[in-house]
Amino acid sequence: MSTNSTFPLQTAPPQEEGQAPSPGTGENSAGLQLTLVTLEKEIQQLPALSVIVSEVLALIDRGDVELTVLMQKIGQDQALTARVLRVVNSPFYGFSRHIGSLKDAGMMLGVHTLRNIVMAAGIMGHFPPGEDRDFDRLSFWQHAIGTGVATRVLAGHCGLDEETAFSAGLLHDIGKLVMAVYFPADFDQVLAWRDEQDCLLKDAEQAVLGFDHSLVGARVAQKWKLPEAIIEAIQHHHVPDSVADIPFATLVHVADILCRGLEIGHGGDTLMPTLDVAAMQRVGLDWEALRTALPEIEALNTGTNLMAIE
Amino acid sequence: MKTICEQPLDQVRPGETLGRDALDATGNRLLAAGTELSTKTLALLQRRGIKGVAIVRENKLSGEQTETLQQTFEQQLELRFRKVQDDPSMQRLQTLLRDYRLGESVT
């Protein structure tokens, strides 16, 4: 699988007629491609997920799909197949024997779990680890996977769906990756601001662009037709208090902070966002739950190697 | 030096000692701190869905090694928390992480 060359990096931003040169916040930035005005349109122009991933997700969502048809479809994409098997054999599912075929994987996991795995595998395959200037995709994915694992562990404590939790955690920062890959010039300005001010990446994004990766991520997730619970978690993971009834946003918020504290991967800055304790308590997590979650997260994360490609 | 550290249940061996009470999901005490674990009690914990417990471990590093390790980790935490030092919740989280990494000292 190749890295950057697969992605058409847009170098010349399309200029809207009669548009001011910098309709973002203006003060801190110049010549931005991505602004509140252009965001929707730019996101719509991004490449779709692979045809096979999209088809598999659509088949599952139709509701009457036969497992064998589904498996044949997944089997057409070798990289996707390898990733699905990797996830199936991760310690999440605790199968005592190695699952070597898609057919077995499908029988043992069922359609709901399979949907989440294909979605995760498809999106990770869309952005394989590679070199972006000043943005290390491998550490990004390590942080993302760690956060997925941590969100899953916390969901277990709260009795919430662990599959949705993993996907929400895994994809929470996808907006950062989208900006780094598709809007590199804008993202360079964000990174420069972050370094100058020694601030969180999201604060640098706010200062330069007027919005942050949670909005970009949510828009991309909508374009890719991800489930609503995941879109909402992506959009609100930095301010879970604003959405008291979206527990996954809160779980991801806490999970992200724990993974930063455990130094799992690199989420784009070396700081700590402030923990929203009120939101955390509302979903039923207390300090004792966090303490018992830490070793579970590390144990599960160590055994979860989703990035290596066979 | 003895420390208490959280361990996933599958990494705990018979003969090790509980550093804190083992509680079930609803907060009921299954085993008290100080209990020496046996194959039987470990199996009981597993049956009750316990995923990890706090264990008393003898720290095998020399005093000097431990100190270096502690300093490195303290520095890492301080760097990570540098902008939220004044927030009481973040102080609590920092302590939680430090105790998890270095183990609480047993006095």
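**Cores, a helix pair and a chain interface**

In this predicted model, the largest nonpolar core holds 96 residues, and those touching the most other members are A:V84, A:V118, A:L154, A:A221, A:L251, A:V254 and A:L258. Helix α5 of chain A, residues 102–126, gives the most to this core, with 11 residues. In soluble globular proteins, nonpolar side chains tend to be buried together. A second, separate core has eight residues, including B:L18, B:L45, B:V53 and B:I55.

The surroundings of A:L251 may be examined next. Apart from neighbours within four places in sequence, A:L251 is in contact with A:T151, A:L154, A:A155, A:L160, A:A165 and A:V283.

Attention now turns to a pair of helices. Two packed helices are described by the angle between their axes and the distance between the axes. In chain A, helix α8 (residues 174–182) packs with helix α11 (residues 213–223) at an angle of about 90°, and their axes are 7 Å apart. Because angles of 65 to 115 degrees count as roughly perpendicular, α8(A) is described as roughly perpendicular to α11(A). From α8(A), the residues A:I174, A:G175, A:K176, A:V178 and A:M179 meet a set in α11(A) that includes A:H213, A:L215, A:V220 and A:A221. Seven nonpolar, four polar and one charged residues make up this contact of α8(A) with α11(A).

Finally, the two chains meet: 17 residues of chain A are in contact with 19 residues of chain B. On the side of chain B that touches chain A, β1 (2–8), α2 (63–80) and α3 (88–102) of chain B each supply at least two residues. The most comes from α3(B), with seven residues. By class, this side of chain B comprises nine nonpolar, four polar and six charged residues.

How values were computed. Residues are numbered from 1 along each chain as its sequence is written. Chains are lettered from A and ligands numbered from 1 in the order in which they are written. This is a predicted model: local features need pLDDT of at least 70, side-chain atom pairs count only at pLDDT 80 or more; totals for chains, interfaces and linings use all residues. Two residues are in contact if their C-beta atoms, placed from the backbone, lie within 7 Å. Helices (H or I, at least four residues) and strands (E, at least two) are DSSP runs, numbered from the N terminus. Ala, Val, Leu, Ile, Met, Phe, Trp, Tyr, Cys and Pro count as nonpolar, Asp, Glu, Lys and Arg as charged, and the others, Gly among them, as polar. A nonpolar core is a set of buried Ala, Val, Leu, Ile, Met, Phe, Trp, Tyr and Cys residues joined through C-beta atoms within 7 Å. A residue is buried if 20 or more other C-beta atoms lie within 10 Å of its own, exposed if 12 or fewer, and partly exposed in between; C-beta atoms are placed from the backbone. Axes are lines fitted to C-alpha atoms, for helices over the stretch in contact, and angles run from 0 to 180 degrees between N-to-C directions. Angles under 35 degrees count as roughly parallel, over 145 as roughly antiparallel, 65 to 115 as roughly perpendicular and the rest as oblique.
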